[in-house]
Amino acid sequence: YTTLWFEATETGETTAECTQHCGDSHSNMLARVFMMEEPAWKEWVDTAGDPGKGLTPVAFGQKLYSGKGGCLACHTLTGAPLVGPSFKGLFGRKEEFVDGTSLVVDENYVRESILEPAKKVVKGFQPVMPPFKGVLNDKEIDALIAFLKEQKG
């Protein structure tokens, strides 16, 4: 993840595009940017609430997979690898790592891979996944785990 700072000179909405070619789904890396006056921004922050409110953990995880988490840019649900391994049949699958070790995928491994992806890099892939530590909270990670468990092989 990278931080971008700018000073808006007008209110409105625009789209920001990724400026680095970083993978096969590079063109999917778009961000909606909303520029608003400070009072409106403060109200938005105060009322933003819980993005998973009213959703089951699986539904919230699916929303994160295709939204905030950005997982779909590098991981498919079809079994075909992209920049990273597919999530189809992930839980219970034995993964081999570039350091020669292996393990059976469980909740602890997925949580660690989200927070510190360079710790255990799956054999055949590069260590390019950004860490989500400080980006996703525990509820969001739990929801992603619930969603990934549903991706049967």
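D106 caps helix α3 at its N-terminal end, with a side-chain oxygen 3.2 Å from the backbone nitrogen of N108. Such a polar contact is a pair of N or O atoms within 3.5 Å; within protein, one must be able to donate a hydrogen and the other to accept it, and residues adjacent in sequence count only if both atoms are side-chain atoms. Helices (H or I, at least four residues) and strands (E, at least two) are DSSP runs, numbered from the N terminus.

The model is predicted: local features need pLDDT of at least 70 and side-chain atom pairs count only at pLDDT 80 or more, whereas totals for chains, interfaces and linings use all residues. Residues are numbered from 1 along each chain as its sequence is written, and side-chain values use heavy atoms, with hydrogens and water left out.

Within α3, the buried residues are Y109, V110, E112, S113 and I114. Buried denotes under 20% relative accessible area, exposed over 50%, and partly exposed in between (1.4 Å probe, protein chains only). The cover over the buried residues of α3 includes β4 (102–104) and α4. I114 touches M129, P130, P131, F132, K133, L136, I141 and L144, residues up to four places away in sequence not being counted; contact here means heavy atoms within 4.5 Å.

The largest nonpolar core has 21 residues, of which V110, I114 and L144 touch the most other members. Two or more residues of this core come from each of α2 (57–66), α3 (107–115) and α4 (138–149), and α4 gives the most, with 6 residues. A nonpolar core is a set of buried Ala, Val, Leu, Ile, Met, Phe, Trp, Tyr and Cys residues joined through side-chain atoms within 4.5 Å.

L144 is also a contact of C71, along with Y65 and F87, when neighbours of C71 within four places in sequence are left aside. C71 lies in the loop between α2 and β3 (94–96) and counts as buried because its relative accessibility is 14%. C71 and F87 are 16 residues apart in sequence and 9.6 Å apart in space, C-alpha to C-alpha.

**Salt bridges**

The whole structure contains 9 salt bridges, each defined as a side-chain nitrogen of Lys or Arg within 4 Å of a carboxyl oxygen of Asp or Glu.

R111 in helix α3 and D138 in helix α4 are 27 residues apart, and their pair links distant parts of the chain. The pair of R111 and D142, the latter also in helix α4, likewise links distant parts of the chain, 31 residues apart. R111 counts as partly exposed at 23% relative accessibility, and D142 is partly exposed at 39%, whereas D138 is exposed at 54%. Shared partners join R111, D138 and D142 into one network of salt bridges. K119, at 51% relative accessibility, counts as exposed.

**Nonpolar surface patch**

F34, M36, W41, W44 and V45 make a nonpolar surface patch of about 520 Å². Patches consist of residues with over 30% relative accessible area and no salt bridge, like charges being joined within 9 Å and nonpolar side chains (Val, Leu, Ile, Met, Phe, Trp, Tyr) within 5 Å. Accessible areas come from the Shrake-Rupley method with a 1.4 Å probe; for residues, only the protein chains shown count as cover. Helix α1 (residues 38–47) supplies the largest share of the patch, 3 residues, and W44 is located in this helix.
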